[in-house]
Amino acid sequence: MQTDNYDIIVVGGGHAGCEAAAAAANLGSKVLLITMNMNTIAQMSCNPAMGGVAKGQIVREIDALGGYSGIVTDKTMIQFRMLNKSKGPAMWSPRAQSDRWEFSKEWRLALERTHNLDFWQDTVKEIIVEDQKVKGVKTSMGISFHSKAVVLTNGTFLNGIIHIGQKKFGGGRMGESAAFGITEQLVQLGFESGRMKTGTPPRVDGRSLNWEAMEEQAGDENPGKFSYSDTQPLTKQRSCYITYTNAQVHDTLKEGFDESPMYSGAIKGLGPRYCPSIEDKINRFAERERHQIFVEPEGWDTVEVYVNGFSTSLPDHVQLKALQLIPGFETAKMFRPGYAIEYDFFQPTQLKLSLETHLIENLFFAGQINGTTGYEEAAAQGLMAGINAHQKVKEKEAFILDRSEAYIGVLIDDLINKGTEEPYRMFTSRAEYRILLRQDNADIRLTEKSYKLGLADQSRFDNVTKKINDAERIIKEFKKTSITPNEINPTLEKLDSAVIPQNYKIFQLVSRPQVTISDIAELPTVENILQNADDEAVLQAEILMKYEGYIEKEQEMASKMKKLEHISLNSDFNYQNISSLSKEAREKLSKIKPSTLGQASRISGVSPADISVLLVHFGR
């Protein structure tokens, strides 16, 4: 048996583990990835999709840093949509519907092509620790692997229990065993553990659905992509569909509440606030007559369909009865029922910003073990843990991103400084600097950092340098170049924008909300400036011109936020009286009773918008 010493052992082959193993190996560390099942590497355990609001920004940041998630998504997606295009660019969020099987396959192939990376299929039962320093792991087959660092990315497998109605059984996800031993050892070592819960909806047979009864949701006409590399955009796409629950569906679901593990007390773990089960929705939002259901194909060729919005742990017969009352699902056949899963996690306040634990040197945690939910959040942590494990064993400085540099920085800062009482999910509202942290400029923000680390290659660095230079050149030329009324006014009339009586700088025109560079790109004066600049650079220039004032204001806000530590709050203050605070903020502020506004700003669930409300309320 080959048990040579490794620099780093990564435990778990999910999204966090894959990014951790790839990053550490690509940086030059000798890495072993241990996973329970080589056939489920990077398995999409829940919905077959990547990205979404704030999550799409994270995937682009991972790509800019040299991770694989964006590349794998581009190669395996079946639909692409840019969400929130009707809002400002800080809210634009890429989302891809993925082919579940191709995604896992492509990830495995990417890892197999990675130098310095070995694999072993087994279950890790124990961490080898000597003098408060990790030395390797022991597996269920009795094999010891030795290393300088260990990254734990155990997902939902630690003491996992699956619930379907009153049935419950051990498992990390349906059809796969739970992992035992690690939690108990870590608790003995002094770690604080807890229980969380997540869920998944039933999968159904697409041949049994009436697609004509549902609303089609096609992909973007000109689909984009995630990676800043040379991956190709889609040339064909598969549609998703939308339908709705109704009062009959809700009444049927209520019939199963007596057997619900959520309401019987069988489930102790806390579930995700922003991705509740369908039974939780109809209980918490009883005034709503219907809830939206997204009907998502699982891949190019399969008939299996994911029923997004119908996550449940109710008895399987209740699930099917209720499903068949949804328009389009009258004759639906289930492949497997939805279920809830409880699992162990460890409060992330026990970690350093590098994701190394305080208690055990060279032991790193990433993914759901830290109390997060979502592929994207897990992958981001895995990437950072892999980078920092490499940095640590090579005696280099830790790689830390702050809140003004990346959503990844916001994510880790929130976890470390606030902890979490429920599965943590990233939102744009969690970031104070979201105009700076856009999906379009992730490469500008992070590629140089990755290049200096040794992850991003020369071609990526050259590409982003060209993009920066081209955008700056366009802005400079637009500011000094004028356009005549004769050339521009016919276009302005079509755009319902005021015509100009005299020559105007192009910059002034692009600053108008109705005018985009694409609207005027074919005008000779503009076309000449845009030569040799690609679409990414043009978009970058346009955003910087249109939002110049907002960017300056955000930078001012950053300095103001530092002053919040000096604003005291009364511990007896009644936050429930401020209706303009979010419901979650009122709950958290009332419970934690922060002593300063700075402390309040770091409480999970209290957004920058809530802090602004408090500033106004206290006359600051």
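**A short tour: two helices and a glutamate**

Start by selecting Lys55, Ile58, Val59 and Ile62 in helix H2, then Glu376, Glu377, Ala379, Ala380 and Leu383 in helix H10: these two sets meet, contact meaning heavy atoms within 4.5 Å. By class, this contact has 6 nonpolar, no polar and 3 charged residues; Ala, Val, Leu, Ile, Met, Phe, Trp, Tyr, Cys and Pro count as nonpolar, Asp, Glu, Lys and Arg as charged, and the others, Gly among them, as polar.

A quick word on what you have open: it is a predicted model, where local features need pLDDT of at least 70, side-chain atom pairs count only at pLDDT 80 or more, and totals for chains, interfaces and linings use all residues. Residues are numbered from 1 along each chain as its sequence is written, and side-chain values use heavy atoms, with hydrogens and water left out.

Now show H2 (residues 55-64) and H10 (residues 375-393) whole: they pack at an angle of about 30°, their axes 9 Å apart. Axes here are lines fitted to C-alpha atoms over the stretch in contact, and angles run from 0 to 180 degrees between N-to-C directions. The two helices are therefore roughly parallel (angles under 35 degrees).

Next, jump to Glu296, in strand E16 (residues 292-297). Is Glu296 buried or exposed? At 3% relative accessibility, Glu296 counts as buried (under 20% relative accessible area, with a 1.4 Å probe and protein chains only; exposed is over 50%).

The side chain of Glu296 makes a polar contact of 3.2 Å with that of Arg95 and another, of 3.0 Å, with that of Asn308. Such a contact is a pair of N or O atoms within 3.5 Å; within protein, one must be able to donate a hydrogen and the other to accept it, and residues adjacent in sequence count only if both atoms are side-chain atoms.

Definitions and conventions: Helix = DSSP H or I, 4+ residues; strand = E, 2+ residues; numbered from the N terminus. Parallel < 35°, antiparallel > 145°, perpendicular 65-115°, else oblique.
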